[in-house]
Amino acid sequence: MKFLAFFLILIWSLQVRANVSAQDLAFMAQAKAFAQNAHIPSGRNPFRVGAVMVTTDGKVFKGANVKLACGLTQCAERVALYKALTQKSGGGKKSVSLRAIYVENTAGHESAPCGVCLQAMSDFATDETLVFFRDAEGNVVVKKYSDMISHPFRNPH
Ligand SMILES: [Zn+2]
């Protein structure tokens, strides 16, 4: 039984890695590099996160987390999303369609997007949108957006 469990975990692990391409790893590296742009006042937790957001039309937007002295914070994922929404011409919530988001940090911690960021992405993500992050063992994990948040709030109006 233990052997079967080990075998299934091994197959799952290989399958996860097989879904991560060299291009995906390059975007992960860009996210990690961009984490150095995090705005963190001295004396605050220096946890630096970077996010690379790729739209279905191939545009790339990068964000890093922001912490202000007054206590307000903003995750890297939402910084990247808001850049995509405000820098892309045309306006309107359907003007951005997300292909993937890559999240990294400089500390080697697990770095899945938080629930607030996943909710914020809900107007722009599809079932095909992919979310890349590192797990606690340092492996790159890829999940479908709908597996990260199965029933996001959607405004009916
Ligand atoms: Zn977040």
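**Close-up views of a predicted model**

**View 1. Helix α3 and its buried residues.** α3 has 12 residues, and its first and last C-alpha atoms lie 16 Å apart, close to the 16 Å expected at 1.5 Å a residue. The model is predicted. Buried in α3 are Ala76, Glu77, Arg78, Val79, Ala80, Leu81 and Ala84. Their cover includes the strands β1, β2, β3 (66–67), β4 (73–74) and β5. Helix α4 (115–120) is also part of that cover. α3 lies across β1, β2 and β5. Its direction makes an angle of about 140° with β2.

**View 2. Contacts of Ala80.** Which residues does Ala80 contact, leaving aside its neighbours within four places in sequence? They are Ala51, Val52, Met53, Phe61, Lys62 and Gly63. Ala80 is itself one of the buried residues of α3.

**View 3. Thr86, an exposed residue of α3.** Thr86 lies in helix α3. Is Thr86 buried or exposed? Thr86 has 10 other C-beta atoms within 10 Å, so Thr86 counts as exposed; the cut-off for exposure is 12 or fewer. Val96 is 10 residues from Thr86 along the chain. The C-alpha atoms of Thr86 and Val96 are separated by 9.9 Å.

**View 4. Helix α2 and its two sides.** α2 has 13 residues. From first C-alpha to last, α2 reaches 18 Å, close to the 18 Å expected at 1.5 Å a residue. Phe27, Met28, Ala31, Lys32 and Phe34 are the buried residues of α2. Seen down the helix axis, these buried residues fall within an arc of 165°, so they line one face of α2. An α-helix has 3.6 residues a turn, so residues three or four places apart point the same way. Ala22, Gln23 and Ala26, on the other side of α2, are exposed. The buried residues pack against β1, β2, β5, β6 and β7. α2 lies across these five strands and runs at about 135° to β1.

**View 5. The open sheet.** Five strands make up an open sheet, in the order β2-β1-β5-β6-β7. The pairing is mixed. Strands of a sheet pair through backbone hydrogen bonds, either parallel or antiparallel. Which strands stand at the edges? They are β2 and β7 (140–144). Each has a single partner strand, so one side of each is left without a neighbour in the sheet. From one strand to the next, the twist averages 15°.

View 6. β6 and β7 run antiparallel and are joined by five bridges. Phe133 has Val141 of β7 as its bridge partner. Leu130 stands opposite Lys144 in β7. Five residues lie between the two strands of this hairpin. Gly138 takes a positive phi near 90° in the hairpin.

**View 7. The largest nonpolar core.** This core has 35 residues. Which of them touch the most other members? They are Ala31, Ala51, Val52, Met53, Ala80, Tyr102 and Val103. At least two core residues come from each of the helices α2 (22–34), α3 (76–87) and α5 (145–148). The strands β1 (49–55), β2 (60–64), β5 (98–105) and β6 (130–134) each supply at least two as well. In soluble globular proteins, nonpolar side chains tend to be buried together.

Key
Residues numbered from 1 in each chain as written. Predicted model: local features only at pLDDT ≥ 70, side-chain atom pairs only at ≥ 80, totals over all residues. Core = buried A, V, L, I, M, F, W, Y, C linked by C-beta atoms within 7 Å. Buried ≥ 20, exposed ≤ 12 C-beta atoms within 10 Å, placed from the backbone. Helix = DSSP H or I, 4+ residues; strand = E, 2+ residues; numbered from the N terminus. Contact = placed C-beta atoms within 7 Å. Pairing = 2+ DSSP bridges. Axes fitted to C-alpha atoms, helices over the stretch in contact; angles between N-to-C directions. Expected span 1.5 Å × (residues − 1). Arc of directions from axis to C-beta.
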